[in-house]
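The entries follow the order in which I looked things up.

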Amino acid sequence: MISAVNQVQSLVGRTRPSHARNYRLLAALRQFLLHAVLIAWAVILMIPVAWLLVSSLKTNVEFISYPPRFFPKLPQWKNYYDVIVVAKFLKYAGRTVWVATMFTVTNVASCSLSGYAFARIKAPGRNALFVLMLSAMMVPGIVTIIPQFVIYSRMKIVNTYWPWFLWGIAGSAPQIFLFRQFFAAFPVELEDAAAVDGCTPFRTFWQIFLPNARSVLAVTALFAFQWVWGDYFNQALLLTEDKATVAMKLATSFVDPRGNALVTLTIAAVVIYVMPLIVAYFASQKQIVQGIVTTGMK
Amino acid sequence: MAVIRDIQVALRERGPKERIPWRKAKWFYLFILPWMVGFLVFTLGPVLSGIFMSFTNFDGMHFDKARFVGLYNYVEAFKDEQAWWGFNRVLYITVVSMPLGMAISFIAAVLLTQRVRGRGVFRTIFYIPSILPITAVVWVWKLMMDNNYGLVNAALDAVKPGTYLRWLTEYPTQVLIMMGLWGATGQATVYYMAGLQSVPKELDDAALIDGATGWQKFRFVTLPLVTPVIFYQLVMSVLGIGQILVQPLLLAGGIGGGGGGSGLGAIPPRDNYFYMVHVFNRVFTYFRFGYGFALLWLLFAFALVLTLIVFGTARYWVYYEVGQE
């Protein structure tokens, strides 16, 4: 069929050369218009980001002076130094990293196990449980978080990092689904050979499937880590000031000893805060987008 | 999106004919045990206990003092003017931002799947706002829209001196809509792009041979094939209707809110007092957990009914390939 199209096109091109020239002109015009629209759109999208960046390089006084100037008179790189050294950014970021790591490790372990089971081990009720798991995705988080809050306060683990550990063990439907899709594509011979060798399903999983699942492991780990890193709601709900994470700190601003908000310093902190996410995105754009499209989640 | 298809497949599949010996099947249950326990404790348990609690006056701490109050909470909910206000605000923001968001992300996806130089760079730029976490997005938009220090007011003032709009206090919902469009369309764009790219090349060529113009090709070939993606987006946004909570709370603080006024305890301007904000306020400020649950279930029921209606319309406009497995 494609060759037929080519033939038709070449036929048209041969008999009516003027049309071909028009066509080329049209294509160039189209290309130009597309570029114009895309560039304008991209600029509009990036202005807020640029404004964030230049604001992070201003002094507090410069920031509140009217009318605002776009570029700082003298870029205050010191803001970045100050937010790390004086405002102890790393202390709060360190807490987030700790919580996120705990969640990521348990979450990936739990989800890979479940995903493997849903993909490779036959058992009565498997389909029903699979549907149940996926439908759980439809329940809005807000409906379950309040009872969970009650549970955690009864367990006396509010204002600790334990809830993230428990959430990790509980796994999460999109990640389980991702693992399940991935493991389902493995050839059956792999298991048969392992079974002949007398491997238990756990050893098959651990020594054959998991080492071959590096890409999906990386993506799910990244998603899990990102979730904790970017989440504000659960942290603000369960933790208080003495356990504050970086997201909580950004929401209420860093303050000087007298309680005045250090605005531009906090903006610099926001820039540092989003950097790892941007780097991670650039490093693994393809896998991330694939994961998002498969599971339908962020 | 593969999720919906897999649910359908799993529902259609009959159980295996042969009996599976327990020594094999037990591994399945063993492997899914962590998820299973988590599901019972963190999803099913909360949902059931939430339903139960909505018929009590539970205050979040004292189980011994909780009393069964029948339908009282539900009756009160229907008389609660603030809840109605919040509900109307939810309808307003949904009616404005849902179609806008879907249209914008769809157009973006169409543009980004054209053959154009530098496509990869554009795709990356279009997605960057979606990478940013909520606290960062809110900071970005506070900086843009602040009454005194914001870039937008500065620009307006430069164009027409003397213009001064109190965005964060008088137009907070509009700010929220802009913020949502900026921060969330990248996500939907990715889905639409995936849908557009999965349109088989042969169909395009066939349309070309039949003499279809570019627009006709788009309208009668591409668009029908992308309707499942549009449907998925629609279902997900309808299901999550009224969940908007954290953005208005964070936006309420103003720049450098410091200790007071920001965080989850903030009260947004009246225009941004959405349904969930009201629920949150009743639960965590007045400790009316029972009442809060009644409000939650009413909204969830509403979302569910809307979703079912959307599902009902599917057969009129969503295109499914016959015999798709």
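**Entry 1: confidence**

I am reading a predicted model. For chain A I noted a mean pLDDT of 87. I also noted that 92% of its residues reach 70 or more. Over residues 11-15 of chain A, pLDDT stays under 50. The model gives that stretch 2 contacts beyond four places in sequence. Low pLDDT means that predicted coordinates should not be read in detail. I left residues 11-15 of chain A at that.

**Entry 2: chain B overall**

How many helices and strands does chain B have? I found 14 helices and 0 strands. I took the extent of its C-alpha trace along the principal axes, and got about 75 × 70 × 35 Å. Chain B has 325 residues, and 37% of them are buried. I then turned to contacts in chain B with a separation of 6 or more. Of these, 70% join residues 24 or more positions apart.

**Entry 3: the core**

I looked up the largest nonpolar core next. It holds 145 residues. Those with the most contacts inside it are A:Ala269, A:Val270, B:Trp139 and B:Tyr192. Helix α5 of chain A, residues 89-120, gives the most to this core, with 12 residues. Domain 1 (2-78) and domain 2 (86-295) of chain A both contribute residues, so the core lies between them.

**Entry 4: helix α7 of chain A**

I checked the length of this helix. It covers residues 141-154, which is 14 residues. At 1.5 Å a residue, taken over one less than the number of residues, it should span 20 Å. Its end C-alpha atoms are 20 Å apart, so the two agree.

Which residues of α7(A) are buried? I listed A:Ile142, A:Ile146, A:Pro147, A:Gln148, A:Phe149 and A:Val150. I then asked what covers them. From chain A, the cover includes α13 (233-238). From chain B, it includes α2 (22-53), α13 (275-284) and α14 (289-317). After α7(A) comes A:Lys156, with a positive phi near 60°.

**Entry 5: chain A against chain B**

I turned to the contact between the chains. It takes 85 residues from chain A and 81 from chain B. On the chain B side, α2(B) gives the largest share, 16 residues. I sorted that side by class: 58 nonpolar, 19 polar and 4 charged residues.

**Entry 6: the two domains of chain A**

The domain assignment of chain A gives domain 1 (2-78) and domain 2 (86-295). Their centres, taken over C-alpha atoms, are 35 Å apart. How many residues are in contact between domain 1 and domain 2 of chain A? I found 9 residues of domain 1 in contact with 7 residues of domain 2. On the domain 1 side, α2 (17-55) and α3 (60-64) of chain A each supply at least two residues. α2(A) gives the most there, with 3 residues. By class, I put that side of domain 1 at 3 nonpolar, 5 polar and 1 charged residues.

Notes: Residues are numbered from 1 along each chain as its sequence is written. Chains are lettered from A and ligands numbered from 1 in the order in which they are written. This is a predicted model: local features need pLDDT of at least 70, side-chain atom pairs count only at pLDDT 80 or more; totals for chains, interfaces and linings use all residues. Helices (H or I, at least four residues) and strands (E, at least two) are DSSP runs, numbered from the N terminus. A residue is buried if 20 or more other C-beta atoms lie within 10 Å of its own, exposed if 12 or fewer, and partly exposed in between; C-beta atoms are placed from the backbone. A nonpolar core is a set of buried Ala, Val, Leu, Ile, Met, Phe, Trp, Tyr and Cys residues joined through C-beta atoms within 7 Å. Domain bounds come from an automatic or database domain assignment. Ala, Val, Leu, Ile, Met, Phe, Trp, Tyr, Cys and Pro count as nonpolar, Asp, Glu, Lys and Arg as charged, and the others, Gly among them, as polar. pLDDT is the predictor's confidence in each residue, from 0 to 100.
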